[in-house]
Amino acid sequence: MSDAPIISVRGEAVLEAEPEIARLSVQVQSQESDRRKALDRLTERNRAALDLIGSYGEAVEKLETGGLVITPLIKYRRREGDVRAYQGTVLIKVTVADFTVLGELVARLGDLERTRVDGPDWDLRRDSVVFRRAAEQAAQEAVARARRYADALGARLTGLVELSDEGLGRAEGMTGPVALAGAFSRAPGDAGEPEPIDLEPEVQIVRAAVEARFTTTAPDLG
């Protein structure tokens with residue numbers, strides 16, 4: 001084992017970046033006294049929502065449909081077979097890459113009957129270059145910090161013993177999605193498209209941290 005002196009340091013980097021994508025959660029519902037009617041109505045509303053989202057083409061990066069659920073709603077006294085209605089629900093997950101259409105899309109989805117829209121949840125893509133830059137800057141900060149300590153002791157760095165990644169991701173305290181359109185339904189007689197909602201992208205904060213150990217020459221303690 002080497003007897004060379006060791007300097008252990010921690011390097012950190014915090015970057016701010018504009019979001020690259022926005023996620024929406026769309027919940028479509030139906031409620032009818034007959035199970036089949038509830039399913040048919042849910043299918044119609046789900047198709048209307050999917051067609052609307054699909055009309056935005058490449059502005060929508062990803063479109064996913066979750067599970068479909070038909071739930072019997074029992075009357076208060078819960079007698080066997082005493083069902084007052086059937087409620088259907090389907091969840092649609094949308095990832096939008098073009099923010100210029102986002103406000104319009106949210107408003108139009110919220111204008112659909114028995115449809116709830118939650119979002120947007122601003123985010124970076126998993127392979128975003130921002131994460132790589134944060135990791136690189138954290139490693140560079142560790143080297144620079146170790147070198148400053150070595151210089152203060154009249155020594156110099158001679159080698160790397162270990163580099164440990166503490167983690168990489170968005171900083172704590174980022175806000176989550178906000179319900180911008182909840183359980184909207186179009187009132188009888190309403191006509192025309194709704195006004196787009198003004199949405200301001202939320203700055204993303206990315207944090208990276210590493211721990212590093214370096215060997216040095218003998219310090220000058222004189």
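How many bridges join strand 2 to strand 5, and in which sense do the two strands run? Before I answer, please keep in mind that this is a predicted model, in which local features need pLDDT of at least 70 and side-chain atom pairs count only at pLDDT 80 or more, while totals for chains, interfaces and linings use all residues. Residues are numbered from 1 along each chain as its sequence is written, and side-chain values use heavy atoms, with hydrogens and water left out.

To the question, then: seven bridges join strand 2, residues 21-32, to strand 5, residues 115-123, and the two run antiparallel, where strands count as paired if DSSP finds at least two bridges between them. Within this pairing, V26 has V117 of strand 5 as its bridge partner. Strand 2 also pairs in the antiparallel sense with strand 4, residues 83-96, over eleven bridges, and there Q31 stands opposite Q87.

Stepping back, the chain has three helices and eight strands, these being DSSP runs numbered from the N terminus, with helices (H or I) of at least four residues and strands (E) of at least two.

Let me finish with helix 3, residues 129-152, whose 24 residues should span 34 Å at 1.5 Å a residue, which agrees with the 35 Å between its end C-alpha atoms; the expected span is 1.5 Å times one less than the number of residues. Buried in this helix are V130, F131, A134, A138, A142, A146 and A150, where buried means under 20% relative accessible area with a 1.4 Å probe, protein chains only. Just after helix 3, G154 takes a positive phi of about 70 degrees.

Notes: Buried means under 20% relative accessible area, exposed over 50%, partly exposed in between (1.4 Å probe, protein chains only).
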